[in-house]
Amino acid sequence: MVKILAIAVGVGLGGWYYVSSSRINEQQVHAFYETASHAFYARDPEAMCQLHSDKFTGRERVTALGVTQEATVSRDQVCESAQASFQMFEKIGSQMGGMLTIEYNYRIDNITITNGRKRARVTGNRLIKMGETVMQFDSDFTDEIEREWGKTRLVRSDSHTRMRIAGGQAMGQSGFFK
């Protein structure tokens with residue numbers, strides 16, 4: 001009888017842990033973006049990858065020199081992209097004679113807790129500056145974040161990034177032929 005009671009208590013505590021660890025609040029959302037910022041500054045692609053759920057899907061639109069490209073990406077693609085980006089940062093930095101300075105800022109405009117406190121919908125802006133004004137990535141985003149077994153993870157993202165080269169002074173093809 002004691003074993004059955006212990007099993008029932010264990011199952012009850014496990015269920016309580018699962019339910020309580022799957023709830024999300026604004027403080028956890030802010031902590032998620034702070035963790036992302038630290039991972040970016042540490043140039044740690046593995047830490048960046050761990051912020052994404054296994055079920056992550058993202059929609060990206062990137063505009064560079066007046067041309068917009070769209071893509072749908074998975075967690076694996078985001079992880080590979082983070083690895084390639086940090087390797088590119090190192091290469092550009094060494095070609096410039098040292099470490100490339102990178103500035104990373106984000107702004108959260110709105111947090112809406114939905115789905116019985118299991119999901120947060122976040123809108124905001126992310127700005128990455130490389131070498132001050134050499135290259136800038138200005139992104140507006142809408143993210144959906146959930147708690148998975150006590151960890152906060154990105155499950156969905158929709159972003160539009162505007163890429164600027166040399167502080168917006170880069171010459172496009174049409175300018176070259178004037």
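**Entry 1: the S5–S6 turn**

I began at the hairpin of S5 and S6, which has 2 residues between its strands. There I found Trp149 with a positive phi near 50 degrees. I note at the outset that this is a predicted model. I then looked up what faces what: Glu148 stands opposite Lys151 in S6. I counted 14 bridges joining S5 to S6, and the two strands run antiparallel.

**Entry 2: the sheet**

Next I traced the strand order. I read S2-S1-S6-S5-S4-S3, an open sheet of 6 strands with mixed pairing. Which strands are at the edges? They are strand S2 (67–74) and strand S3 (102–114), and each pairs on one side only. I logged a twist that averages 15 degrees from one strand to the next.

Then I went through the pairings. Strand S1 (residues 52–64) and strand S6 (residues 151–165) run parallel, joined by 9 bridges. I picked out Arg59, whose bridge partner in S6 is Asp158. S4 and S5 run antiparallel, with 12 bridges between them. Here I noted Met130, which has Met135 in S5 as its bridge partner.

I also checked the cover on S5. The strand is mostly covered, with 11 of its 14 residues buried.

**Entry 3: helices on the sheet**

I looked up what packs on the strands. Helix H2 (residues 26–41) touches S3, strand S4 (119–130), strand S5 (135–148) and S6. The direction of H2 makes about 160 degrees with that of S3. H4 lies across S1, S2, S3 and S4. I recorded about 125 degrees between H4 and S2.

**Entry 4: the core**

I turned to the largest nonpolar core and found 28 residues in it. Which of them touch the most other members? I listed Val29, Phe40, Val122, Met130 and Ile145. H2, H4, S3, S4 and S5 are the elements that give two or more residues to this core. H2 gives the most, with 6 residues. As background, nonpolar side chains tend to be buried together in soluble globular proteins.

Leaving out residues up to four places away in sequence, Met130 touches Met88, Phe89, Ile92, Leu100, Thr101, Ile102, Met135 and Phe137.

**Entry 5: aromatic rings**

I searched the whole structure for aromatic pairs and got 6. I took Tyr33 and Phe141 for a closer look. Their ring centres are 5.7 Å apart and their planes stand at 25 degrees, so I logged the pair as stacked. Tyr33 is in helix H2 and Phe141 in strand S5, so this pair ties together parts that are 108 residues apart in sequence.

Are these two buried or exposed? Tyr33 is buried, at a relative accessible area of 2%. Phe141 is buried too, at 3%.

**Entry 6: the disulfide**

Last, I ran a search of the whole structure for disulfides, which finds 1. Cys49 and Cys79 form it, with their sulfur atoms 1.7 Å apart. I noted 75 degrees about the S-S bond, and the link is right-handed. What does the pair tie together? Cys49 lies in helix H3 (residues 45–50) and Cys79 in helix H4 (residues 75–95), so it joins parts that are 30 residues apart in sequence.

Note on methods. Residues numbered from 1 in each chain as written. Predicted model: local features only at pLDDT ≥ 70, side-chain atom pairs only at ≥ 80, totals over all residues. Heavy atoms only, no water. Disulfide = S-S within 2.5 Å. Helix = DSSP H or I, 4+ residues; strand = E, 2+ residues; numbered from the N terminus. Pairing = 2+ DSSP bridges. Axes fitted to C-alpha atoms, helices over the stretch in contact; angles between N-to-C directions. Contact = heavy atoms within 4.5 Å. Buried < 20%, exposed > 50% of the residue type's maximum accessible area, 1.4 Å probe, protein only. Core = buried A, V, L, I, M, F, W, Y, C linked by side-chain atoms within 4.5 Å. Phe/Tyr/Trp six-rings, centres within 6.5 Å; stacked < 30°, edge-to-face > 60°.
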